[in-house]
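I opened my notebook and wrote down what I looked up, one entry at a time.

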Amino acid sequence: MHIAVVGSGYVGLVAAACLADLGHQVICVDNDENRIACLLRGEVPMHEKFLPELIERNRGPRLQFSTDLAQAARRSSAIFIAVGTPPAEDGEADLSFVESVSCDLARAGGGSYKVIVEKSTVPVYTSDWVRRVMLLNGAAPDYFDVASNPEFLREGTAVTDFLYPDRIVIGADSSRAAAALREIYRPMLDGSYYRRENKVPEPDGVRLPPPLIVTSAKSAELIKHASNAFLAMKISFINAVANICDGVGADIEEVCEGVGADSRIGQRFLNAGIGYGGSCFPKDLLAFRAVARNCGYDFRLLDEVVRINEEQRQRFIRKVRRALWTLKGKRLAVLGLAFKGGTDDIRESPAIALVRALLRENCAITAYDPAAMGRAREVLPAGVEYADSAHAAAEDADALLILTDWEEFAALDLERLRARMKYPIIIDGRNLYDPALMESRGFTYISVGRPEVYGIRPAAATAPQRRVLRPAVAGGELPKAS
Ligand code: UDX
């Protein structure tokens with residue numbers, strides 16, 4: 001099928017590359033000329049596993065980049081809207097980009113039936129609005145439908161999440177639109193994509209082919225908001241339980257093992273830490289809260305999810321203070337600036353918020369992040385220093401803080417680290433190490449919801465047993481095209 005994807009951000013670019021990899025003819029459109037120029041030069045403006053390879057192998061007739069929305073719309077039978085929906089002041093999603101794309105699509109015309117697909121996270125009723133705006137701007141009612149096809153992509157594993165989803169949700173109020181979307185996802189639904197030799201590697205434990213859920217457009221819009229709100233609630237819930245563990249001396253990981261063994265709850269998304277961040281959860285929670293308010297329901301549970309999340313950062317600062325007594329003038333090594341491992345995205349990153357809070361306490365910060373330092377430099381004050389490795393950041397540090405769950409931070413050479421630090425103190429906001437191991441290696445180790453340890457013994461002669469983080473996607477390289 002000929003498909004246009006409007007928006008070349010995280011969602012749009014991943015969707016465009018994956019739809020092309022499924023065999024469609026895709027044009028990815030953006031009105032940001034610099035961004036399109038950069039994509040045309042072969043540069044990929046974000047750190048996302050498998051994305052550069054997918055763009056490279058589909059570039060050409062199957063994947064093009066353009067700033068000409070009207071032309072792309074006219075030659076396409078499906079148009080995915082994947083533009084930004086940033087939060088407005090009152091928490092509601094600002095849909096002005098969606099509106100302006102809808103006007104442009106109506107004016108572009110085209111003379112044949114098209115399905116307009118909402119891919120951005122939008123509040124319920126957006127499909128109705130898009131339809132109304134298109135009609136007001138001259139689109140012929142029989143020549144288009146508006147459908148919702150929410151994405152559930154996590155940054156860092158977005159390509160794998162697109163091609164191996166837990167479910168495909170199609171929210172369509174007409175059978176014609178539902179049929180068009182089924183056709184788009186056919187290589188996944190009939191399993192043919194998964195039989196290809198050069199498919200993106202399959203992650204562990206996926207159900208293939210993915211289940212298809214067909215709903216009304218409104219239900220699909222709600223599925224997206226409700227899913228993100230539920231996941232954020234799961235994180236805040238477990239952080240609240242971790243705080244109780246801290247209070248009574250229990251271990252959150254043991255508690256999670258027991259709680260998550262209930263198949264109705266599950267083990268995933270029960271990692272306690274410094275709270276959630278990123279471009280989705282904080283924004284979507286506020287937007288969902290506003291949706292509820294607008295339809296007359298006071299969804300106060302969501303306020304509490306947000307409050308617990310914010311408090312989690314303050315609690316972490318209190319842990320740092322307790323470990324160091326006073327903060328002023330202390331030299332802190334910070335490992336991690338991205339909002340989570342595997343991405344260079346720092347939007348709403350708890351790590352960035354914590355660095356800012358520590359700078360206000362007059363700490364000296366030396367930070368290291370494998371991917372996010374460039375972006376962090378743009379938003380953090382000039383006084384922050386950046387190191388080119390975790391060990392270099394630790395040089396002469398009064399304490400080391402782990403703020404992002406990068407895999408490499410879970411496999412540090414503890415001997416070398418301790419030798420470089422002024423004091424062997426680690427405050428781990430991501431629970432990457434086993435406290436007993438850290439104690440045996442002579443560290444004061446403070447984490448979230450687990451017993452604090454104050455190691456005093458020098459390093460043992462044997463190699464440490466490090467906790468190994470499970471990679472989020474199947475490892476290995478992308479197979480070459482056959
Ligand atoms: C999220 C949703 O998972 C995805 O389905 C949606 O499409 C977009 O929003 P993303 O923001 O990329 O994806 O990251 P995710 O892996 O969900 O993590 C979000 C935040 O929660 C991160 O800051 C992460 O560190 C934190 N988190 C996640 C926890 O603190 N504990 C957990 O157990 C899981």
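**Entry 1**

I started at tryptophan 325, which sits in the loop between H13 and S9. I am working with a predicted model. Tryptophan 325 has a positive phi of about 70°, yet it is not a glycine. I noted this because most residues other than glycine have a negative phi.

Next I went to the loop between helix H9 (186-189) and strand S8 (212-215), where I found proline 209. Its peptide bond with leucine 208 is cis, with omega about -10°. Most peptide bonds are trans.

**Entry 2: the sheet**

I then traced an open sheet of seven strands. I read its order as S11-S10-S9-S12-S13-S14-S15, and the pairing is mixed. Which strands are at the edges? I found strand S11 (385-386) and strand S15 (453-454) there, each pairing on one side only.

I picked out one pair to follow. Strand S9 (residues 331-335) and strand S12 (residues 399-402) run in the parallel sense and share four bridges. Here I located valine 334, whose bridge partner in S12 is leucine 401.

**Entry 3: helices across the sheet**

What does helix H13 lie across? I traced H13 (residues 300-324) over S9, S12, strand S13 (425-428) and strand S14 (444-446). I noted an angle of about 170° between H13 and S13. Tryptophan 325, from my opening entry, is in the loop that leads from H13 to S9.

Helix H14 (residues 350-360) also went on my list. H14 lies across S9, strand S10 (364-368) and S12. Its angle to S10 is about 160°.

**Entry 4: the ligand**

How many residues are around the ligand? I have 19 on record, and Glu155, Lys224, Asn271, Phe339 and Arg430 come nearest. Sorted by class, the shell has nine nonpolar, four polar and six charged residues. Helix H10 (residues 217-248) gives the most to this shell, with three residues.

I looked up distances to oxygen atoms of the ligand. For lysine 224, an N or O atom of the side chain is 2.8 Å from a ligand oxygen. Lysine 340 also uses its side chain, with an N or O atom 3.0 Å from an oxygen of the ligand. For phenylalanine 339, a backbone N or O atom lies 2.9 Å from a ligand oxygen.

Note on methods:
Residues numbered from 1 in each chain as written. Predicted model: local features only at pLDDT ≥ 70, side-chain atom pairs only at ≥ 80, totals over all residues. Heavy atoms only, no water. Pairing = 2+ DSSP bridges. Helix = DSSP H or I, 4+ residues; strand = E, 2+ residues; numbered from the N terminus. Contact = heavy atoms within 4.5 Å. Axes fitted to C-alpha atoms, helices over the stretch in contact; angles between N-to-C directions. Near = heavy atom within 4 Å. Polar contact = N/O pair within 3.5 Å; in protein donor to acceptor, adjacent residues only side chain to side chain. Nonpolar A, V, L, I, M, F, W, Y, C, P; charged D, E, K, R; others polar.
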